[in-house]
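This briefing covers helix packing, aromatic pairs and the surroundings of selected residues. Please read it alongside the sequence and structure shown here.

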Amino acid sequence: MPPSPNLRGALFMIVAMVGFTLNDAITKFSSESMNMAQVMLVRGAFASFFVGLLAWRRGALVNPATMLQPMVAMRVAGEAGATVSFLIALAHLPIGNVSAVMQALPLAVTMGAALVFGESVGWRRWTAIAAGFVGVLIIVRPGFEGFSVYSLVALASVACCAVRDLSTKRIPQAIPTMLVSTATALAMTVLGALLLSPMGGWTPMSVRSTMLLALAAVLVLIGYQFIITAMRSGDISFIAPFRYTALLWSILLGLVIFGDVPDLPMIVGAAIIIGSGLYALYRERVVGRQQPAAESAGPDMAPDGI
C-alpha cells in the first residue's frame, strides 16, 4: 500500500531537516579554513544561482521590483541578522547546541505574534513559551561554568528569525515565495562581500572547499523543496513536529564529524524546548486554529540564508 499523505509529509519533513543539517555541518567545517563572511559570500553565490534559476523557470521573476516591498525588505533584514549570528555561533559552538537553541523558534514566533500582532494566545501556550525559554537558559547557562557568549549569539539568531517569520506573514500573497527566496539569497551574498574585509579578508580556496560550499547551497535548496512538499502533503499539525528531528541529526553529525559529545544540561534543555514546542502545537490543534508555531515550519519559513 502507498503511504498515507501524513506519512509522506513526515518523511519529506525528515529529509528536509537532513538537508538543512548537512548544510550546517558543511558550513561549520568550512569555517575552520575561512572566515564566515567568505562562507556567506561563496555559498550565497551558489545559492543565488540555483534559487534564481529555479525561480526563473517557475516564472517568479517577472516582476523583480516587488523585492523592494517593505515586508520583503524586513524579512531580508531579519534573515541577514539571523544568518550572521547563526554562522558566528556555529563556528564557535557544537552544532547540537546551536540546533537546540534554534528549536525555540516556533515558541518565539508565537510570542511575537501575540505581542506584535495581538493574536490570541491562551495561558497554556504562554506556559509552554515560558517553559521553552527555561530550556534555552539551561543550555545557555548564563553565569555558570560552561557559559559561552556565543550561546547568546545563537539566541540572537532566534530573535532575528522570529522577525523574519513574522514579517513573512505580512508579505502579500501575490508575491511569489521563490522571488522572496531569490531576494534573500542575493542579499546574503552581498552581505558576505561587505563583511569580508572586516572579518579578515579572502582566504585562497581549494577546489574541494569550493565544491563543499556548492554542495551546501544545493542541500539548502533540497531542504527548501522538501519542506514545501511536506507541508502540502498532509495535516500541518501531524507533520510540523517532525521539524525537531533536525536536533537529532545535529547531535549525530556533531558526534561523528566534530567529536562533540552533548552534556547533560544540553540534553535536558533540548528536551524541555522540544516538549514545550510539541505542547504548543497540540494546543493549536485543540483550539482549531493554525497559529504561528505551526506556521513556522511551513513553506514560507524555510531558512533561506541560514
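**Helix packing and aromatic pairs in a predicted model**

Helix H2 crosses helix H9 with right-handed geometry (right-handed if the near helix is turned clockwise from the far one by less than a right angle, left-handed if anticlockwise). The model is predicted: local features need pLDDT of at least 70 and side-chain atom pairs count only at pLDDT 80 or more, while totals for chains, interfaces and linings use all residues. Residues are numbered from 1 along each chain as its sequence is written, and side-chain values use heavy atoms, with hydrogens and water left out. Helices are DSSP runs of H or I with at least four residues, numbered from the N terminus.

**Packing of H2 with H9**

- H2 spans residues 36–57 and H9 spans residues 207–231; the two pack at an angle of about 45°, their axes 9 Å apart. Axes are lines fitted to C-alpha atoms over the stretch in contact, and angles run from 0 to 180 degrees between N-to-C directions.
- H2 and H9 are therefore oblique to each other (under 35 degrees is roughly parallel, over 145 roughly antiparallel, 65 to 115 roughly perpendicular, and the rest oblique).
- On the H2 side, the contact (heavy atoms within 4.5 Å) is made by Val39, Val42, Arg43, Phe46, Ala47, Phe50, Val51 and Leu54. H9 contributes Thr210, Leu213, Ala214, Ala216, Ala217, Val218, Leu221 and Gln225.
- The residues of this contact of H2 with H9 comprise 13 nonpolar, two polar and one charged. Ala, Val, Leu, Ile, Met, Phe, Trp, Tyr, Cys and Pro count as nonpolar, Asp, Glu, Lys and Arg as charged, and the others, Gly among them, as polar.

**Packing of H5 with H6**

- Helix H5 (residues 105–116) and helix H6 (residues 123–140) pack at about 130°, with axes 9 Å apart. This angle makes H5 oblique to H6.
- H5 passes H6 in a left-handed crossing.
- Leu107, Ala108, Thr110, Met111, Ala114 and Leu115 of H5 meet Trp126, Ala128, Ile129, Gly132 and Phe133 of H6. By class, the contact of H5 with H6 holds nine nonpolar, two polar and no charged residues.

**Aromatic pairs**

- Rings of Phe, Tyr and Trp (its six-membered ring) pair if their centres lie within 6.5 Å; planes under 30 degrees apart are stacked, over 60 edge-to-face, and the rest tilted. By this rule there are three aromatic pairs.
- Phe12 and Phe226 form a tilted pair, 5.7 Å centre to centre with 55° between the planes. This pair joins distant parts of the chain, with Phe12 in helix H1 (residues 5–30) and Phe226 in H9, 214 residues apart.
- Phe12 is partly exposed at 23% relative accessibility, and Phe226 is likewise partly exposed at 28%. Buried means under 20% relative accessible area, exposed over 50%, and partly exposed in between (1.4 Å probe, protein chains only).
- Phe46 and Phe50 have ring centres 6.4 Å apart and planes at 20°, so the pair is stacked. Both lie in H2, four residues apart, about one turn of the helix.
- Ring pairs link Phe46, Phe49 and Phe50 into a cluster.

**Selected residues**

- Val136 lies in H6 and is buried, with a relative accessible area of 2%. Apart from residues up to four places away in sequence, Val136 touches Ala104, Leu155 and Ile273.
- Val153 is located in helix H7 (residues 149–168). Val153 and Phe86, 67 residues apart in sequence, are 7.1 Å apart from C-alpha to C-alpha.
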